[in-house]
Amino acid sequence: MTRCCACCRKPFAPRPQTPDQAYCASTDCQRARKRQWQRTKRQSDSDYRINQRAAQQAWSQRNSDYWRNHRESLGPSTCSATASNNGRGIRAEMTILQRWMYATCPMACPRKMDMSREDLIDAQPIQP
């Protein structure tokens, strides 16, 4: 018996141990399944949502220099990639541009201070 994957729409054979399996074993599809589960759990379970936010804030406090180090590791050459497509999609160009803008924005910028990380949990991975 085959089913159609809820993510990639390709046929797959579900495992006998999970008769209601809706996603194939592909890494991208399993990542999508996990994101969907997390999204549903955050909406329906306030304790889970509070715990996720607390864990994220604790990590952020323990690694307060993470984004500064990350921006420095990108270097100025990353910014020049926005001038041409270089075979990448517009989404990749925008991401590079956003990284550049984030790196050049002052540390006390209100956009950085008010930014919620929940939007990044649901973000789609960038395909190079």
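Biologist: Where does glutamine 21 lie?
Modeller: Glutamine 21 lies in the loop between strand 2 (11-12) and helix 1. Helices (H or I, at least four residues) and strands (E, at least two) are DSSP runs, numbered from the N terminus. This is a predicted model, where local features need pLDDT of at least 70, side-chain atom pairs count only at pLDDT 80 or more, and totals for chains, interfaces and linings use all residues. Residues are numbered from 1 along each chain as its sequence is written, and side-chain values use heavy atoms, with hydrogens and water left out.

Biologist: Is glutamine 21 buried or exposed?
Modeller: Glutamine 21 counts as buried because its relative accessibility is 16%. Buried means under 20% relative accessible area, exposed over 50%, and partly exposed in between (1.4 Å probe, protein chains only).

Biologist: What is glutamine 21 in contact with, leaving aside its neighbours within four places in sequence?
Modeller: Arg3, Phe12, Pro14 and Arg15. Contact means heavy atoms within 4.5 Å.

Biologist: And where is arginine 9?
Modeller: Arginine 9 is in the loop between strand 1 (3-4) and strand 2. Arginine 9 is exposed, at 58% relative accessible area. Its phi is positive, about 65°, although arginine 9 is not a glycine.

Biologist: Switching to helices. At what angle do helix 1 and helix 2 pack?
Modeller: Helix 1 (residues 27-44) and helix 2 (residues 46-62) pack at about 110°, and their axes are 5 Å apart. Axes are lines fitted to C-alpha atoms, for helices over the stretch in contact, and angles run from 0 to 180 degrees between N-to-C directions. The two helices are therefore roughly perpendicular, a label for angles of 65 to 115 degrees.

Biologist: Which residues make that contact?
Modeller: Helix 1 contributes Trp37, Gln38, Lys41, Arg42, Gln43 and Ser44, while helix 2 contributes Ser46, Tyr48 and Arg49.

Biologist: What caps the N-terminal end of helix 2?
Modeller: Aspartate 45 does, with a side-chain oxygen 3.1 Å from the backbone nitrogen of aspartate 47.

Biologist: How many helices and strands does the chain have?
Modeller: Seven helices and two strands. Along the sequence the pattern is β-β-α-α-α-α-α-α-α.

Biologist: What percentage of the chain's residues count as buried?
Modeller: Of the 128 residues, 17% count as buried. Among contacts between residues at least 6 apart in sequence, 31% join residues at least 24 apart.

Conventions. Angles under 35 degrees count as roughly parallel, over 145 as roughly antiparallel, 65 to 115 as roughly perpendicular and the rest as oblique. A polar contact is a pair of N or O atoms within 3.5 Å; within protein, one must be able to donate a hydrogen and the other to accept it, and residues adjacent in sequence count only if both atoms are side-chain atoms.
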